[in-house]
Each structure stands twice: as C-alpha cells, then as structure tokens.
Amino acid sequence: MAVQSLSIKFSGYWSEYNRGLMPRRAGVFCVYRAHFDDQSKTTTMRELLHIGAAPNVNECLADHPQAEQWRASLGPTDSLSFSYGSVALPDLVACETALVMQHRPRCNTAVPVVYPFGRAVLKLTHRTPLLQTRFTVGAAVPGVVGRLGGPLLRRGLDFLRSLQPG
C-alpha cells in the first residue's frame, strides 16, 4: 500500500468573537484554550481542546454542538481561540482522523485506535502551536515499534504527555 503524503498549512487565529470571519471552505480546525495578554497584545495557546473538520469550517463553528464543553474548559483568564488548515474534500476525514489520533485533544470524545486509511505522513506548517509538525500514522512499521503494537505504544505516549507541565 502506498504512503499518502498530506500537507496542511494552518492559518489563524480567530477568537470566539470573530470566528465568523473564518474561511467558508473545507478544512480542519483546532480549538484552543488560550490566554490574551493585554499589555503585550499577544495570545498564548495553553491547551489544544478539540480538532475537527468540515466542508465549510465557518458554518460548522457558527453553531458547534461542543461549544459549551469548550467554554467549560476555560479558566477565569482564558478564552477560546481557533486556527484553520485548508484541506481538499477527499482528504478531509483522513486528515482529521490523523490529527485526532496523534494529538488526542481532551474534547474529542471518540479517538480512533486504528487509522483506517492505510499509511499517511503529515506535514503541518505555519500556525501550529501545540501540534506536532511531522508525523506518520497508519500501518505499523516493521521492527521494534511494529512488535510493540499500537495500543501499548499509545498508552506509553499518553503517559509521557501527562507528565508535561501546564
């Protein structure tokens, strides 16, 4: 089976108040718990809350069913922030699945265990805070990683991520 190469250029950021300006095109989106510093006028992404995809990201986020769950994840000085990556319709589900499997945001309720689209190498560019910019998903690589199996390796990675501060 051929390895699929997928590139996503992320642009953004949009706040909850100006998310209506997000592109009306197909793509993936990230929802962040963010902090805006009034003095420096900078936004810091604190946590990746959700990754989604839609044929029209603007319409999807206008009335997303998980918006209240995202807001409930915010601290007193936090706000929601969004980023967008353009993806062709045929690759939309594959890209979303790969991103969710790799990053496992806490508000994505169903995280796939197996990548059903063969094997893919993803390269993310531009606005990618808290995202791994190069990774591979799909069929196991022969050797040690292949013998360990996906679930065991995934549990180990989840444990290591839980040790990261903040």
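This is a predicted model: local features need pLDDT of at least 70, side-chain atom pairs count only at pLDDT 80 or more; totals for chains, interfaces and linings use all residues.
I then went back to helix 3 itself, residues 92-103. I noted twelve residues and a reach of 17 Å from the first C-alpha to the last, close to the 16 Å expected at 1.5 Å a residue.

I asked how many of the twelve residues of helix 3 are buried. I found ten, so the helix is largely enclosed by the rest of the structure. I listed the buried residues, among them Leu 92, Cys 95, Leu 99, Met 101 and His 103.

Next I looked up the hairpin. Strand 2, residues 27-37, and strand 3, residues 42-54, run antiparallel and are joined by eleven bridges. I checked what stands opposite Tyr 32 and found Leu 48 in strand 3. Between the two strands of the hairpin I found four residues. I noted that Lys 41 takes a positive phi there, near 60°.

Last I looked at Asn 56, in the loop between strand 3 and helix 1 (57-62). Is Asn 56 buried or exposed? I put it down as buried, because its relative accessible area is 17% and the cut-off is under 20%. I found a polar atom of the Asn 56 side chain 3.1 Å from the backbone nitrogen of Asn 58. I also looked for contacts of Asn 56, leaving aside neighbours within four places in sequence, and wrote down Pro 23, Arg 24, Arg 25 and Ala 26.

Key
Residues are numbered from 1 along each chain as its sequence is written. Side-chain values use heavy atoms; hydrogens and water are left out. Two strands pair if DSSP finds at least two bridges between them. Buried means under 20% relative accessible area, exposed over 50%, partly exposed in between (1.4 Å probe, protein chains only). A polar contact is a pair of N or O atoms within 3.5 Å; within protein, one must be able to donate a hydrogen and the other to accept it, and residues adjacent in sequence count only if both atoms are side-chain atoms. Contact means heavy atoms within 4.5 Å. The expected span of a helix is 1.5 Å times one less than its number of residues.
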